[in-house]
Amino acid sequence: MIRLENVVKSYPTRFGPRRVLDRVNLELGRGSNLGILGRNGAGKSTLIRLLSGAEQPTSGRIHRGMSVSWPLAFTGAFQTHLTGIDNLKFICRVYGVDWKPLVRFVEDFTELGLYLREPVLHYSAGMSMRLAFALSMAIEFDCFLIDEGLAVGDARFGHRCHVELFEKRKDRAFILVSHDPHIIKMYCERACVLHEGRIHDFDTVDEAYQFYESALVPAPTVVFD
Amino acid sequence: MTTFAQSLRIQGRVINALLMREVITRFGRENLGVLWLVAEPMVFTLGVTAFWYAAKLNHGSAIPIVAFAITGYSSVLLWRNTVNRANGGIQSNLSLLYHRNVRVIDVFISRIIIEMAGATGSFLVLAVFFTLIEQIDAPVDPLMVLAGWGMLAWFGASLAIVIGAATAYSEIVERVWGPVSYLIFPLSGAAFMVDWVPPAMQEVVLYMPMVHGVEMLRDGYFGDIVRTHYDIGYVALVNLVLTLLGLVLLRDAAKRTEMK
């Protein structure tokens, strides 16, 4: 179970603190999943950072009763002077997993060939993404955090990611954030909308979708003279 | 809930992972590789020793200049390099915090360990080498040397955490540390003995905690041929205060860290 209780996150700006998340309450049980819809700048990535533990909430509590992944296929944590294998070793050491049996999986999954033993510096964006996804799959978690489009790499790779994540690991929980209602609809059994820092919870994905569509269109401003 | 023992194991694992990552990143696998960790401070110390030798910086005292330079400059490297590496340590490792087990303090601890290992290795190799070729004598009281070195190391580690954590509060700290470290170098006791300066000046330099560490080190190294001035209680107190301050700053620094 993951539970967020009255989570507030503010960031300092030149015009004083800005509240990005405002008293957010969320619950996610083992094996279930949740889609979070939000426009650009709605606070989706902030929420992911808090869930992953990369940042701490300004106030409120986050309770994690299961292991939570780092944001799926996140390439930012690579040390680019290290090789792909070195990065695998690092991740494995951090999570206390033996890396040797995983080399095979990473080799097969990324199809990077000799480049797996080259510094990540020399990778293209697509290659980094493939490595990042493979590393995300190398460590087992109860809950995966998925930020934005799963449209990684070409169609073939996209399909294989889909198989690894949603078929082989369909018993796991996940939280998927996106601005794209179609992706949420495709993968999630439940959805909520993050709008102006608040979470709006809905029973069905369709209701969330309707709210999201209406929130997307700004209400006409009535000007009184 | 994670027990204390489990937490300790996780932290040990994370620090080990960071150590390996940092060492390979910084020194690579080419040529000397990880040996650069020790070679780099050695080259520095040897260079400075050569300068001081030429300048006869021991002011005609009984201490051989080579031993004076090695004890002095090694101790500067011990605390200064450590603080330098911790400075900005948060910024350059921000993205690692996405891995829940990696905390800001782990980044500092691993960097502190690496710098201390380098400085200590360099000091040891140089001391042994110059002793073997009979340029300097073996230390009179090795335990005292160890105590002095330990105090300097503790000072370096605690100051590293203070400065490193303070950068999360203000970027100014990061910029100011460079010049400050240069300016306090002449006062750090590396290039002089407290006994050589006028009494009024002695009082001033003895406010510098690292002066006490170097004096202890030299007391242990040279014994009675030098007169040293230090107060273990004073350095210990300063170190303790710095350690506590560092930990307090660090606790909130984690809250202040912002990803890009």
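**View 1. The largest nonpolar core of this predicted model**. Let's start inside: this core holds 136 residues, and those with the most contacts within it are A:Cys143, A:Ile175, B:Phe108 and B:Ala160. Its largest share, 15 residues, is supplied by helix H6 (residues 142-166) of chain B. In soluble globular proteins, nonpolar side chains tend to be buried together.

**View 2. The surroundings of B:Phe108**. Which residues does B:Phe108 contact, leaving aside its neighbours within four places in sequence? They are B:Ala86, B:Gly89, B:Ala160, B:Ile161 and B:Gly164.

**View 3. Helix H3 of chain B, residues 65-86**. H3(B) is mostly covered, with 19 of its 22 residues buried. Just past H3(B), look for B:Gly88, which takes a positive phi of about 85°.

**View 4. Helix H5 of chain B, residues 104-132**. Here 29 residues reach 42 Å from the first C-alpha to the last, close to the 42 Å expected at 1.5 Å a residue. After H5(B) comes B:Glu134, with a positive phi near 60°.

**View 5. A:Asp147 in strand S6 of chain A**. Is A:Asp147 buried or exposed? A:Asp147 has 21 other C-beta atoms within 10 Å, and 20 or more make a residue buried, so A:Asp147 is buried. Leaving aside neighbours within four places in sequence, its contacts are A:Ser45, A:Ile48, A:Pro71 and A:Val177. A:Pro71 is 76 residues away from A:Asp147 in sequence, yet their C-alpha atoms are 6.3 Å apart in space.

Key:
Residues numbered from 1 in each chain as written. Chains lettered and ligands numbered in written order. Predicted model: local features only at pLDDT ≥ 70, side-chain atom pairs only at ≥ 80, totals over all residues. Helix = DSSP H or I, 4+ residues; strand = E, 2+ residues; numbered from the N terminus. Expected span 1.5 Å × (residues − 1). Buried ≥ 20, exposed ≤ 12 C-beta atoms within 10 Å, placed from the backbone. Core = buried A, V, L, I, M, F, W, Y, C linked by C-beta atoms within 7 Å. Contact = placed C-beta atoms within 7 Å.
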